[in-house]
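Me: I'm new to reading protein structures and would like a close look at a single part of this one. Could you walk me through it in plain words, and then show me how other parts are put together?

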Amino acid sequence: MIALNQKLQITFPNSISVTIKREDLIHPVVSGNKFRKLKYNLLQAKTENKKTLLTFGGAFSNHIAAVAFAARENGFQSIGIIRGDELRDKIAQNATLQFAQECGMQFEFVSREAYRLKNESSFLEELKLKFGDFYLIPEGGTNELAVKGCQEILTDEDREFDYICCAAGTGGTISGIINSALPHQKVLGFPALKGDFLQDEICIFVQNKNWKLINDYHFGGYGKVNEELIAFINDFYDTNQIPLDPVYTGKMVFGVIDMIQKNYFPAQSNILLIHTGGLQGIQGMNAKLKKKQLPTIAINV
C-alpha cells in the first residue's frame, strides 16, 4: 500500500519545498498510521488463533475506531477499555464511540485512576478473568509489530527528501519512520502530548540517531486546540484541499510551517510531511468547540 505524495500549493521562503504523504487516503476507515500499526498485529492474532482483540483508548480515540472496524472486517470480536467511566451513558453523544459500537465493539468504561493501570499485569489478569482469552493491542497500537508496519510508510521515491516530519502520540509511527529513513535524512517528531516520556519510548524501538522531537506545538496538550489552530486548519484546507485533523497532523503541519518562517530549515530543504489520518476525530472535536461557542473545523469527512 503506497500513499500519494502531494506537493503543497504554497510558496515558501529560501526555495524550500514541502510535500505531504497522504497516508490518510490508504483506507477509507482505517487510515494512516492506524492501518500500518494494525497490519501485522492482525496477522499475528490470526496466527495465534485469537478470536477477540482488546485495546485501550479515550473518548475520541482514532485507535478505538480503527480497531473496532478492523476487527469486524477480519472476523474478530473486539473489546475497548475506555478511559472515563462518565462516558458510559454518553455513547449516543460521541461519534467515535457510536461508530465503534456499531462495528460490534464491546466497551468497558473505567475511571481515569484505573485506566492508568493499563500496563500492569494484575490489571490485565483481571481483564482476562472477565473477558476470557484475547489478543492485546496496546493503547495507540504501539508495539514491535506496529513499528514494523510503520517502517513501510517510506518508499524508494522518498529518498529525495532531507527532512521527514510527523506527529507523535505513543511513538510507534515515528519509530518505524526512523528505522526506515536514510542516513542523509533527519526525522522530526511533533508530540501531541505534553511531557518528556516519549523520548524514552522511542528509544525502545530505534537505534538510529538521525531524529529529534519538537515539543513546541502541542497547543497545551493532547486534544487541546485554540482558535489559531482551527483557523490554520481551515485556511490550509482552502489552499491545498487537504484536510488535517486537530489532534495530530494539524499541529505538526502548523509547527513545520512556523519553523520554516523562523528559518529553522536550511535554504532549498526538501521536506516531507506524513499525514497520519485521524480525520474521524473532527466530528467529535467540532461538538466540543460548539459547546464552547468557538469556531469549528469547516471540513466534511
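Reply: Strand 7 (residues 163–168) and strand 10 run parallel and are joined by 3 bridges. Keep in mind that this is a predicted model. To find one of the pairings on screen, pick Y163: its bridge partner in strand 10 is I271.

Strand 10 also pairs with strand 2 (residues 17–22), again in parallel, and here 6 bridges do the joining. If you look for K21, you'll find it standing opposite I274 of strand 10.

Now for strand 10 itself, which covers residues 270–275. Which way do its residues point? N270, L272 and I274 point one way, while I271, L273 and H275 point the other way, and all are buried. That's 6 of the 6 residues, so strand 10 is largely enclosed by the rest of the structure.

Let's zoom in on N270, which sits in strand 10. Is N270 buried or exposed? Its relative accessibility is 15%, and buried means under 20%, so N270 counts as buried. What does N270 touch, once you leave aside its neighbours within four places in sequence? It is in contact with S17, E160, F161, D162 and Y163.

I10 has 30% relative accessibility, so it counts as partly exposed. Not counting residues up to four places away in sequence, I10 touches F236, T239, N240 and I257. For a sense of scale, the C-alpha atoms of I10 and S31 are separated by 25 Å, and these two are 21 residues apart along the chain.

Helix 9 (residues 227–240) and helix 10 (residues 249–261) have axes that come within 10 Å and cross at roughly 85 degrees. The two helices are therefore roughly perpendicular to each other. Helix 9 brings E228, L229, F232, I233 and F236 to the contact, and helix 10 brings G250, K251, V253, F254 and I257. Sorted by type, the residues of this contact are 7 nonpolar, 1 polar and 2 charged.

The axes of helix 2 (residues 62–73) and helix 3 (residues 95–102) come within 8 Å and cross at roughly 15 degrees. That makes helix 2 roughly parallel to helix 3. Where they meet, I64, A65, A68, F69 and R72 of helix 2 face T96, F99, A100 and E102 of helix 3. This contact divides into 6 nonpolar, 1 polar and 2 charged residues. The crossing of helix 2 past helix 3 is left-handed.

One more stop: an open sheet of 4 strands, in the order 5-4-3-6, with parallel pairing. Strand 5 (106–110) and strand 6 (135–136) stand at the edges with a single partner strand each, so one side of each has no neighbour in the sheet. Elsewhere in the sheet, strand 3 (residues 52–57) pairs with strand 4 (residues 77–83) in the parallel sense over 6 bridges. As an example to look up, F56 has I81 of strand 4 as its bridge partner. Helix 5 (residues 121–131) lies across strands 3, 4, 5 and 6, running at about 135 degrees to strand 3.

Methods:
Residues are numbered from 1 along each chain as its sequence is written. This is a predicted model: local features need pLDDT of at least 70, side-chain atom pairs count only at pLDDT 80 or more; totals for chains, interfaces and linings use all residues. Side-chain values use heavy atoms; hydrogens and water are left out. Axes are lines fitted to C-alpha atoms, for helices over the stretch in contact, and angles run from 0 to 180 degrees between N-to-C directions. Angles under 35 degrees count as roughly parallel, over 145 as roughly antiparallel, 65 to 115 as roughly perpendicular and the rest as oblique. A crossing is left-handed if the near helix is turned anticlockwise from the far one by less than a right angle, and right-handed if clockwise. Contact means heavy atoms within 4.5 Å. Ala, Val, Leu, Ile, Met, Phe, Trp, Tyr, Cys and Pro count as nonpolar, Asp, Glu, Lys and Arg as charged, and the others, Gly among them, as polar. Two strands pair if DSSP finds at least two bridges between them. Buried means under 20% relative accessible area, exposed over 50%, partly exposed in between (1.4 Å probe, protein chains only).
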